[in-house]
Amino acid sequence: MASSRDEIISRLQKDILLLQGHRQPQDDDVVEMGLGPVRMAFPGGVFPVGAVHEFVSAGAEQAAATSGFIGGLLGNLMQRGGVSIWVSTTGMLFPPAMKYFGVSPDRIIFIYPKGEADALWIVEEALRCDGVAAVVGEVRELSFTASRRLQLAVEKSRVTGLILRNQPRNIGTTACVARWQIAPLASVLEDGLPGVGFPRWQVELQKIRNGRPGIWQMEWVAGRFQPTYESAAVSAPDVQIAAAYEQVVPSFARKIG
């Protein structure tokens, strides 16, 4: 009886993913991101590529930490070749710093539009280019309609979109497959040595379509992500319920609209 129930739930989860435009990952879609225990939060244990991920920051410190974390993701997404596009209205990123995360800055096309409307349009057009490994867009506000356009774009091109939202006025509901919040943590010195330790983050996956939200502590060591402790993620049931509600309601509204 329990086995039959689990099979039904698994089949329903796959059906929901297909209705939302998410296909089952093929061999070409599987990219090892080196995220350790975080990958168990993703459907099938695979980081969703060819999808749009949303990163929400509450201030400048979180935004800087998020940029570093995304640098690590880009290093893995670009391991098969290709270039990435980074769209920003602030120009706060220091490109040579990307070398620390294994990304040569000459493989990133930096675009600095004057306003967010232009930035959002450039991000959408860039996501349609199937020769691009990833597109990073710094866009403060993102409506559900705009996010849906981005998601439709990547469903055809299979490009991965990473949207950074620093201090948004309204977080709202979006069509992004995942919502992250990255916070900086104090680094730990090795054996009392002077200097600065490895970059360390609190990684919170607030929403993941058909997955399991959670919180982890990660750091960047020897060119890869590494968990700071081996334990299960902290998952809040109310966060999971809110995420499920957010997934179902927009989809249902589109069906009856």
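**Exercise 1. State what the buried residues of helix α3 pack against, then list those residues.**

Solution. The buried residues of α3 pack against β2 (83-87), β3 (108-111), β4 (132-138), α4 and β5 (160-166). Helices (H or I, at least four residues) and strands (E, at least two) are DSSP runs, numbered from the N terminus. Buried means under 20% relative accessible area, exposed over 50%, partly exposed in between (1.4 Å probe, protein chains only). The buried set of α3 is Ala119, Ile122, Val123, Glu124, Ala126 and Leu127.

This is a predicted model: local features need pLDDT of at least 70, side-chain atom pairs count only at pLDDT 80 or more, and totals for chains, interfaces and linings use all residues. Residues are numbered from 1 along each chain as its sequence is written, and side-chain values use heavy atoms, with hydrogens and water left out.

**Exercise 2. Describe the surroundings of Ser157.**

Solution. Start with location: Ser157 is found in helix α4 (residues 144-157). Ser157 is buried, with a relative accessible area of 9%. Next, polar contacts (pairs of N or O atoms within 3.5 Å; within protein, one must be able to donate a hydrogen and the other to accept it, and residues adjacent in sequence count only if both atoms are side-chain atoms). The Ser157 side chain reaches the backbone oxygen of Leu127 at 2.4 Å. A polar atom of that side chain also lies 3.3 Å from the backbone nitrogen of Val159. Finally, contacts (heavy atoms within 4.5 Å). Leaving out residues up to four places away in sequence, Ser157 touches Leu127, Arg128, Cys129 and Asp130.

**Exercise 3. Find where confidence is lowest and highest in the protein chain.**

Solution. pLDDT is the predictor's confidence in each residue, from 0 to 100. The chain mean is 83, and 79% of residues reach 70 or more. Confidence is lowest in helix α5 (residues 237-256), at a mean of 41. It is highest in strand β1 (residues 52-57), at 97. Over residues 235-257, pLDDT stays under 50. For that stretch the model has 24 contacts beyond four places in sequence.
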